[in-house]
Amino acid sequence: MLTPIPCLLMRGGTSKGPFFLADDLPADPETRNAVLLSVMGSPDLRQIDGIGGGDSLTSKVAIVSRSQRPGIDVDYLFAQVSVSQRAVDTNPNCGNMLSGVGPFAIEQGLVPAADPVTSVRIFNVNTGKVIEALVPTPSGEVTYEGEVHIDGVPGAAAGIVLNFLDAAGAKTGKLLPTGQALDIVDGIAVSCVDFSTPIVLVAAADLGISGHESKAELDANAALLARLEAVRQAAALRMGLGDVSASVLPKIAVLAAPARDGSISSRYFTPWACHAAHAVTGALCVAAACLIPGSVASRLVRRRADQPDRIAIEHPSGQLETQVDLQAAPAGEPPVIRRVGIVRTARPLFSGQVLIPGTVWKKAG
């Protein structure tokens, strides 16, 4: 009466969830989504009847397959499984879960390992963009032990470099979906930027807060959350994304000058609650925005003269560092951002089979 499905539970960056080979899941999206809801135990705030962790950061799924695209190793589809609703969203991407795709692909035999580093070129099905993952593989084997520490994750592990290539216009086709770096939306100055993921950027001071509050403080501020949602929905219309009342895109980030030695402070919303740390795709977009003249971010960023390409983003759990590769652009034009790199870590947590009721899906054969 139960259907077993092979899966590998992994931590990717500051998120975790099951990784599946696409061939082990239903090809039909509606049936696949029903399977994923059952796997995670949604809808239920505790996800007690599944393997989800009762939090949006632990209710994520990665689906990987060998790619048929020229120059690409694997295709990666990210699915955000709602904790409280019967909903699976494949519109956004997740850079944290992405950090586990390279190791997973190598371990599953989809990509041969090199020595000492294996390059895995990943096509993100959600955005249509390509990411290069550089995975440590000394002696041709994936290693997870190392000295890299990322804020929001205890301990240290092997660093996985993610290079996001030509990620501008991931959802809207434009780095600046409204055509300008600054807009007045619902009476407040915002920057609408689409790099790796579309985000509405707002200065904390314009909302009457410092931008250095904790997640708990921000989540408890009902008036602020309502204000942010109104701005997000209004900005989405200008970005050409339509009615987003039931969609997690675009995200919204509240920015401030750094409080410590970082470049800028960001409180990233998912979008109806503050992220405990910071989404990778969101960090890439914030970093890109810092280099766009006239944007909300450019007014707040503090860049180091000795490291102009480094953008370190402060968040509730610490800091996240990015490296931006710029190409010169004509005067008055937004910069051409060739790639943004970031270092993450990942680790397998459990390998086996997840069991779902056969009434949800009975796998043929």
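**Figure 1. The residue that follows helix α5 in the predicted model.** Gly240 comes after α5 and has a positive phi, near 80°. The model shown in this and the following figures is predicted. Helix α5 itself comprises residues 222-238, 17 residues in total. From its first C-alpha to its last, α5 reaches 25 Å, close to the 24 Å expected at 1.5 Å a residue.

**Figure 2. The buried and exposed faces of α5.** Buried positions of this helix are Leu224, Leu228, Glu229, Val231, Arg232, Ala235 and Ala236. They lie on the same side of α5 because the arc they cover around the axis is only 170°. The face turned away from that buried side carries Ala222, Ala223 and Leu237, which are exposed. Packing against the buried residues of α5 involves the strands β9 (183-185), β10 (188-195), β11 (197-203), β12 (251-256) and β13 (264-269), together with helix α4 (215-219).

Figure 3. Helix α1 covers residues 29-40. Its end C-alpha atoms are 16 Å apart, in agreement with the 16 Å that 12 residues should span at 1.5 Å a residue. Arg32, Asn33, Val35, Leu36, Leu37, Ser38, Val39 and Met40 are buried in α1. The elements against which the buried residues of α1 pack include β1 (2-12), β2 (15-21), β3 (60-66) and β4 (74-81). Strands β5 (88-89) and β17 (346-357) are also among these partners. Just after the helix, Gly41 adopts a positive phi of about 85°.

Figure 4. Strand β14 (residues 310-315) pairs with strand β15 (residues 318-327) in the antiparallel sense, over 6 bridges. The two strands form a hairpin, with 2 residues between them. Within this pairing, Glu314 has Gln319 of β15 as its bridge partner. Strand β15 is also joined to strand β16 (residues 336-344) by 6 bridges, and these two run antiparallel. Here Gln327 stands opposite Val336 in β16.

Figure 5. Asn163 is found in β8, which covers residues 160-165. Its relative accessibility is 10%, so Asn163 counts as buried, the cut-off being under 20%. Leaving aside neighbours within four places in sequence, Asn163 is in contact with Val130, Ile131, Glu132 and Leu134, and also with Arg339, Val340 and Gly341. The C-alpha atoms of Asn163 and Ile342 are 6.6 Å apart in space, although these residues are 179 apart in sequence.

Figure 6. The structure holds 0 disulfides. Cys274 takes part in none, and the nearest cysteine sulfur, that of Cys94, is 16 Å away. With a relative accessible area of 2%, Cys274 is buried. For Cys285, the closest cysteine sulfur is that of Cys290, at 9.9 Å, which is too far for a bond; a disulfide requires sulfur atoms within 2.5 Å. Cys285 also counts as buried, at 0% relative accessibility.

Figure 7. Pro116 is located in the loop between α3 (101-107) and β6 (117-124). Another joins Leu249 and Pro250, with omega about 0°. Pro250 belongs to the loop between α5 and β12.

**Figure 8. Positive phi in residues other than glycine.** Ser139 has a phi near 60°, a positive value in a residue that is not glycine. Ser139 lies in the loop between β7 (129-136) and β8 and counts as exposed, at 65% relative accessibility. Asp166, likewise not a glycine, has a positive phi near 50°. The loop that holds Asp166 is the one between β8 and β9.

**Figure 9. The whole chain, as context for the close-up views.** The secondary structure comes to 6 helices and 17 strands. The radius of gyration is 20 Å, close to the 21 Å that the globule rule gives for 365 residues, so the protein is as compact as a globular protein of that length. Along its principal axes, the C-alpha trace spans about 60 × 45 × 35 Å. Of the 365 residues, 54% count as buried. Among contacts between residues at least 6 apart in sequence, 63% join residues at least 24 apart.

Note on methods:
Residues numbered from 1 in each chain as written. Predicted model: local features only at pLDDT ≥ 70, side-chain atom pairs only at ≥ 80, totals over all residues. Heavy atoms only, no water. Pairing = 2+ DSSP bridges. Helix = DSSP H or I, 4+ residues; strand = E, 2+ residues; numbered from the N terminus. Buried < 20%, exposed > 50% of the residue type's maximum accessible area, 1.4 Å probe, protein only. Contact = heavy atoms within 4.5 Å. Expected span 1.5 Å × (residues − 1). Arc of directions from axis to C-beta. Rg over C-alpha atoms; globule rule 2.2 N^0.38 Å.
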